[in-house]
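Subject: Structure handover

Hello,

Please find the structure below. My notes on what was found in it follow.

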Amino acid sequence: MTGAARPGRRPVARRLAGLLRQPSARRFGLLLLLLAGFGVTLLLVPRPDPADLPRLADSLGGYGPPVAVVGGALLLVALVPRTFVTLAAGALFGPVQGAAYALGAALLAAAIGFTVGRMLGRDFVAERVRGRLARLDGWFARQSVFGVITVRLLPIAGFGLVSYGYGTTAARVVPFLAGSVIASAPTAVGYAAIGAAVTAPGSINWYAAAPASLGLIASALLIHRWWRAERRRRAP
């Protein structure tokens, strides 16, 4: 039985070895390892107490804004949830500046994640998409800013993971970046206000958190529009 089983396993082993010799497969494997490493790190590293963040902002002095944007972007690239990054920005800099820096971090993180996904995963995906996957890849290539906003508002994956995923598709970078920022704006304002309330509850106008609800409303409208478009496309 053992001798009979070996020939059946050899073609699989050869195909796997041949796949690993392909540069695109190696790059794609590196992308998967990178994401897995970020996921494990996210589980193991404790998160700071938001109440301690204002002291960090004071210690940064004039370097606070660029550190907030770059540091927030790196956290998003490392798959830290955008909710936490935006709450921290609000706790550090207040609702208005915190929202602005959180949006800057989102834009930079979207660009980095898209670029890494494009460099490490696009060739591997493009060489293997067939049938429905090819049509899906073409859909990403035709996406406008509105389409990116639709995907961003759907609760399918975290901000960083969506950025990497878009890079592996045929999507265009400018609509992707514009849609990412627009989709992030409502919750950036709302969560920054909530983060600021953690450290200075008396100084926050809670109406500033109202834009966060726009994300839910926009999601419902976008899903409805997409559903109607799909029905029209499939109608004979």
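A polar atom of the Ser-184 side chain lies 2.7 Å from the backbone oxygen of Ser-180. Polar contacts here are pairs of N or O atoms within 3.5 Å; within protein, one must be able to donate a hydrogen and the other to accept it, and residues adjacent in sequence count only if both atoms are side-chain atoms. Note that this is a predicted model, in which local features need pLDDT of at least 70 and side-chain atom pairs count only at pLDDT 80 or more, while totals for chains, interfaces and linings use all residues. Residues are numbered from 1 along each chain as its sequence is written, and side-chain values use heavy atoms, with hydrogens and water left out.

Ser-184 belongs to helix α10; helices are DSSP runs of H or I with at least four residues, and strands are runs of E with at least two, numbered from the N terminus. The relative accessibility of Ser-184 is 2%, so the residue counts as buried. Buried means under 20% relative accessible area, exposed over 50%, and partly exposed in between (1.4 Å probe, protein chains only). Apart from neighbours within four places in sequence, Ser-184 is in contact (heavy atoms within 4.5 Å) with Arg-82, Leu-103, Ala-106 and Phe-159.

Thr-168 sits in the loop between α9 (159–167) and α10 (173–199). Thr-168 is also buried, at 12% relative accessible area. Not counting residues up to four places away in sequence, Thr-168 touches Leu-31, Gly-117, Arg-118, Gly-121, Arg-122 and Val-125.

The whole structure has one salt bridge, defined as a side-chain nitrogen of Lys or Arg within 4 Å of a carboxyl oxygen of Asp or Glu. Arg-27 and Asp-123 form the bridge, with their closest N and O atoms 2.6 Å apart. Because Arg-27 lies in helix α2 and Asp-123 in helix α6 (residues 95–128), the pair ties together parts 96 residues apart in sequence. Arg-27 is partly exposed at 27% relative accessible area, and Asp-123 is partly exposed at 39%.

Helix α2 (residues 23–44) also holds Leu-44, which counts as exposed at 66% relative accessibility.

Last, the annotation. An unreviewed UniProt entry gives "transmembrane region" for residues 28–47, 67–93, 100–120, 140–164, 176–198 and 204–224; such annotations may be inferred rather than shown by experiment. In the model, residues 28–47 are 85% helix and 0% strand, with end C-alpha atoms 30 Å apart. Residues 100–120 are 100% helix and 0% strand, and their end C-alpha atoms lie 30 Å apart.

Regards
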